[in-house]
Amino acid sequence: QVHLQESGGGSVQAGGSLKLSCGVFVMPARRVCMGWFRQAPGKERQGVAAITNGGGATDYHASVKGRFTISRDTSKNMMYLQMNSLKPEDTATYYCAASTLPVADGWPALQKSAYNYWGQGTQVTVPS
């Protein structure tokens with residue numbers, strides 16, 4: 001059983017920064033591959049960043065490389081997404097995701113199909 005809860009969304013001017021947080025509760029306790037996804041109105045849910053079970057590897061969508069940083073603190077059961085140099089096209093609902101599926105074991109998956117647990121989402125708005 002995995003429970004996820006996002007926080008930290010909001011509205012910020014272009015060029016600004018936001019940090020999203022995701023609280024992770026896993027029972028029984030185990031490390032899971034985790035990721036951040038986003039979905040804008042009328043568009044498919046898109047993988048933004050992912051981090052492996054042990055935190056040793058990450059991957060990013062090309063559109064956010066160099067601007068976003070994913071990290072996790074297993075001692076606090078938290079995952080984060082630091083978003084810098086935000087653009088209007090980053091506007092979306094952001095979802096925290098976790099995977100207990102074998103396909104994501106040891107791999108920072110950006111594919112939606114690799115995840116089987118999802119948070120409720122937090123809105124990020126960057127006005128144009």
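Predicted model: local features only at pLDDT ≥ 70, side-chain atom pairs only at ≥ 80, totals over all residues.
Colleague: Which residues have the most contacts inside the largest nonpolar core?
Modeller: That core has 28 residues. Strands E1 (2–7), E3 (18–26), E4 (33–39), E5 (46–51), E7 (68–73), E8 (78–83) and E9 (92–99) each give two or more residues to it. The residues with the most contacts inside the core are Met34, Leu81, Met83 and Tyr94.

Colleague: Which strand gives the most to this core?
Modeller: Both E1 and E3 are among the strands that give two or more residues to the core. The largest contribution is 5 residues, and it comes from E3.

Colleague: Which residue in E3 stands opposite Leu4?
Modeller: Leu4 belongs to the covered face of E1, with Val2 and Glu6, while His3, Gln5 and Ser7 make up the uncovered face. E1 and E3 run antiparallel and are joined by 6 bridges. The residue opposite Leu4 in E3 is Val24.

Colleague: How many residues are in the second, separate core?
Modeller: Its members include Ala50, Ala97, Ala104 and Leu110. The number of residues in this second core is 9.

Colleague: How many residues apart are Cys22 and Cys96?
Modeller: These two cysteines form a disulfide with an S to S distance of 2.0 Å, and both are buried. The angle about the S-S bond is -70°, making the link left-handed. Cys22 is in strand E3 and Cys96 is in strand E9, so the pair links distant parts of the chain, with a separation of 74 residues.

Colleague: How far is the nearest cysteine sulfur from Cys33, which is in no disulfide?
Modeller: A disulfide needs sulfur atoms within 2.5 Å. Cys33 counts as buried because its relative accessibility is 0%. The nearest cysteine sulfur belongs to Cys96, and its distance is 11 Å.

Colleague: Is Arg38 buried or exposed?
Modeller: Arg38 lies in strand E4. The cut-off for buried is under 20% relative accessible area. Arg38 has 7% relative accessibility and therefore counts as buried.

Conventions: Residues numbered from 1 in each chain as written. Heavy atoms only, no water. Core = buried A, V, L, I, M, F, W, Y, C linked by side-chain atoms within 4.5 Å. Buried < 20%, exposed > 50% of the residue type's maximum accessible area, 1.4 Å probe, protein only. Helix = DSSP H or I, 4+ residues; strand = E, 2+ residues; numbered from the N terminus. Pairing = 2+ DSSP bridges.
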